[in-house]
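Please look over the model first.

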Amino acid sequence: MLITPQLEAIISTIVTVHPHEIPALVHSASTFFFILSAYFVILPLRDEGAISLGLGNLPELFIGSLVLTLIAAPISTLIFSLPNLSKSKALVLIHRFFSISLLIFFFLWYFSTPDGFRSVYMVDSVKNNQNDSTDWSKHTWFYIIVRLALFLWVALLNLVTISSTWARIIDVMDNESGSRLFGFIGAGATFGQLLGSLFAASMAWLGPFLLLISAVLMELAAQASKGISRDAHFSSVELSEGSNENEDSALISSPSNKSSLNKASPEPWVLLEGIWLIMSSPYLIFVSLFLWLSAVVSSFFYFQKVTIIAMTVSSPLNRRRSFALINSFIAVFILIGQLTLTGRILTVAGVTVAICSAPIVGVINLISLASWPTWIAVAASETSRKVTTYVLARPGRELLFTVVSQDEKYKAKVCIDLIVQRLGDATAAGIYKLLFSKLSDKSSKVSLYALPLCFIWLIVAIHLGRCQSNLAKLQSVSTP
């Protein structure tokens, strides 16, 4: 990617960045831009496909996503452990794999849809209402399998590509540079969400053709990820595993102080190495607990949002547009916050304030939804929750990993982001389904049962923030 002096000057006016950091910054933001664009282009299609199979099946889909993640996480760890494959090449390979998979899903969706491409342009006039679509006997087994598979696969794509890219970024950047630059990098992701959502909303009639657009965007993400390196003179030549990878890493261990050396060939147990690194580090255990609580609360919000939209909007096309427009609306506020507030708050207030903001806002939103269960309240709570998450909490969460070893960044972090996230989703799915069946006449009160988790989440965040600050000080003292 060509970075002109004019572009460097523009970036310098937006964020405090040193000249040698600009190439990695631009490529990092660009990679996230393409990933989130690809994800949000197909997200409404995925959600509509899930709704067409019935709202009652959503919790089971989250549990299925956990099973798929338990398989994918060790494979991701293995890819980053291959001795003849640099971390940079491994990241490109992961993105390209998902690009090809979306192309395959396009053909699967086409062949599973009655009348093929013609049905894409007849989206709603011949559709039954939501209650009818919950009867699986009205669909072929191929139709059901493809929509179930796409729901699970898109969720996996989102987790694996984002987690793997962040692992590469925090290996290149340390705590100090991350505090300054993570907001700008996050803005690239949000800009991708905004454009992807707007495109999906305006082109919802394309239906499965959105999968082709998403596949192209994922290939562009693969190309952009090649430039995520600390070397200011990085070209299209990949970094070698032996010579440059160690220079990219801060190599400061977490309290476990355990880091493994590269082997001549990966052992079978390397598939579980990420889990072992987590269990042997009290710091990473608390990080896992933080993310698990975050995932549980976020899933409660997701179920409430989908339930209300499904009950108030009957048309599949309009549901896709509603999901896309809500995502677009939220992205505008996130983008503004990331470009103007994230770097300043992280630099001045620190990581503790950033990660504590999410549980505090979560408490307010849960009470609001229970008191005022309307689509307006959902839109407002979703906006405040996601703005807080992506402007403050998510960059702060990534800073938690800047003070751990390289192995923990690539292996433990991927396991935490994938397995722990899905464990939280599955936990929330089970609890929500149980409560929803027990409180069918008072479904709006379901969200109140997540309040105790928010308070525990806040306590964990305070503890983690203090630990990270101490480790960051140790890192600054150890670095000459």
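**Pocket and helix packing**

Helix 1 (5–14), helix 2 (22–51), helix 7 (175–202) and helix 12 (316–348) each supply at least two residues of the lining of the second largest pocket. The model is predicted. Helix 7 also packs against helix 14, with axes that come within 10 Å. A further pair, helix 4 and helix 6, has axes that come within 10 Å too.

**Second largest pocket**

- The second largest pocket holds about 350 Å³ of space.
- It is lined by 15 residues, and the closest to its centre are Ala29, Ser30, Phe184, Gly188 and Phe191.
- The lining of this pocket counts 13 nonpolar and 2 polar residues.

**Helix 7 and helix 14**

- Helix 14 spans residues 375–399, and its axis crosses that of helix 7 at roughly 160°.
- Because angles over 145 degrees count as roughly antiparallel, helix 7 is roughly antiparallel to helix 14.
- The crossing of helix 7 and helix 14 is right-handed.
- On the helix 7 side, the contact involves Asn175, Gly178, Ser179 and Phe182.
- On the helix 14 side, Pro395, Glu398 and Leu399 meet them.
- By class, this contact of helix 7 with helix 14 has 3 nonpolar, 3 polar and 1 charged residues.

**Helix 4 and helix 6**

- Helix 4 covers residues 87–112 and helix 6 covers residues 141–172.
- Their axes cross at roughly 165°.
- Helix 4 is therefore roughly antiparallel to helix 6.
- Helix 4 and helix 6 cross in a left-handed manner.
- Sorted by class, the contact of helix 4 with helix 6 has 18 nonpolar, 7 polar and 3 charged residues.

Conventions: Residues are numbered from 1 along each chain as its sequence is written. This is a predicted model: local features need pLDDT of at least 70, side-chain atom pairs count only at pLDDT 80 or more; totals for chains, interfaces and linings use all residues. Side-chain values use heavy atoms; hydrogens and water are left out. On a 1 Å grid over the protein atoms alone, a cavity is a set of points where a 1.4 Å probe fits but cannot get out, and a pocket is an open set with protein on both sides within 12 Å along at least five of seven lines; lining residues have an atom within 4 Å of a point. Grid points are joined across faces, edges and corners, and a volume is the space filled by probe spheres set on the points. Helices (H or I, at least four residues) and strands (E, at least two) are DSSP runs, numbered from the N terminus. Ala, Val, Leu, Ile, Met, Phe, Trp, Tyr, Cys and Pro count as nonpolar, Asp, Glu, Lys and Arg as charged, and the others, Gly among them, as polar. Axes are lines fitted to C-alpha atoms, for helices over the stretch in contact, and angles run from 0 to 180 degrees between N-to-C directions. Angles under 35 degrees count as roughly parallel, over 145 as roughly antiparallel, 65 to 115 as roughly perpendicular and the rest as oblique. A crossing is left-handed if the near helix is turned anticlockwise from the far one by less than a right angle, and right-handed if clockwise. Contact means heavy atoms within 4.5 Å.
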